[in-house]
Amino acid sequence: MQIPDRLRNLLAPGTRWIVAAIVVVAAGIGVLAMGGTVVALEVTSSNEFCSGSCHANNAAAEWKASPHYLNPRGFTAGCSDCHEPSAIVPRLVRKMQAVNEVYGQLTGSIATPEKFQARRLEMSEKEWDRMRRNNSAECRHCHEPS
């Protein structure tokens, strides 16, 4: 098998170090990007982030009064337990959808209890539809343990 001239030039002694450096830098950038994504997923899945960024304290107050927060078993189901799939691709898709909620908080369209209540049914219907489409997989994770 004959090596094409372009490939032979890349493998020439003078260019090997350049190619190796490019590969190492690209791999380093890839590792940093993946690590950054993992950290961002964890931070944005915390109850503190959700109650402070997505819904201010509007939904958080209701959650803290629910059996998902306080119950006889002592288990607290956090925001991500109910509202995020555990599989990575569906989780990333859900995170992208949640950008609208953060945007609503930042622009003020759901920033007050009154504004939140005005949009609550619309937001709830979107969530109920998502749960219907995935057969309430997040709920069944706790309520029908395998």
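Predicted model: local features only at pLDDT ≥ 70, side-chain atom pairs only at ≥ 80, totals over all residues.

Colleague: Fine. Which residues form a nonpolar patch on the surface?

Modeller: Ile88, Val89, Leu92 and Val93 do. Together they have about 340 Å² of accessible area.

Colleague: Where is leucine 92 placed?

Modeller: In helix α6, which covers residues 88-107. Leucine 92 has a relative accessible area of 34%, so it's partly exposed.

Colleague: And arginine 94, buried or exposed?

Modeller: Buried, because its relative accessibility is 9% and the cut-off for buried is under 20%. Arginine 94 lies in helix α6 too.

Colleague: What does arginine 94 touch?

Modeller: Leaving out residues up to four places away in sequence, arginine 94 touches His83, Glu84, Pro85, Glu101, Glu127 and Arg130.

Colleague: Switching topic. How many aromatic pairs does a search of the whole structure find?

Modeller: The search turns up 1. Tryptophan 63 and tyrosine 69 make an edge-to-face pair, because their planes sit at 75° and anything over 60 degrees counts that way. Their ring centres are 4.7 Å apart.

Colleague: How do tryptophan 63 and tyrosine 69 do for accessibility?

Modeller: Tryptophan 63 is buried, at 14% relative accessible area. Tyrosine 69 is partly exposed, at 27%.

Colleague: OK, cysteines. How many disulfides does the count come to?

Modeller: The count is 0. Take cysteine 50: the nearest cysteine sulfur belongs to cysteine 79 and is 4.1 Å away. A disulfide needs the two sulfur atoms within 2.5 Å, so cysteine 50 is in no disulfide.

Colleague: What about cysteine 82?

Modeller: Cysteine 82 is in no disulfide either. For cysteine 82, the nearest cysteine sulfur is that of cysteine 139, 6.1 Å away.

Colleague: And is cysteine 50 buried or exposed?

Modeller: Cysteine 50 counts as buried, with 10% relative accessibility. Cysteine 82 is partly exposed, with a relative accessible area of 22%.

Colleague: Last one: where does alanine 20 lie?

Modeller: In helix α2, residues 13-43. Alanine 20 has 32% relative accessibility, so it counts as partly exposed.

Colleague: How far apart are alanine 20 and glutamate 138 in space?

Modeller: From C-alpha to C-alpha, alanine 20 and glutamate 138 are 45 Å apart. In sequence, 118 residues separate them.

Colleague: Great, thanks!

Notes. Residues numbered from 1 in each chain as written. Heavy atoms only, no water. Patch = residues over 30% accessible without salt bridge, like charges linked within 9 Å, V, L, I, M, F, W, Y side chains within 5 Å. Areas by Shrake-Rupley, 256 points an atom, 1.4 Å probe, with all protein chains shown as cover. Salt bridge = Lys/Arg side-chain N within 4 Å of Asp/Glu carboxyl O. Helix = DSSP H or I, 4+ residues; strand = E, 2+ residues; numbered from the N terminus. Buried < 20%, exposed > 50% of the residue type's maximum accessible area, 1.4 Å probe, protein only. Contact = heavy atoms within 4.5 Å. Phe/Tyr/Trp six-rings, centres within 6.5 Å; stacked < 30°, edge-to-face > 60°.
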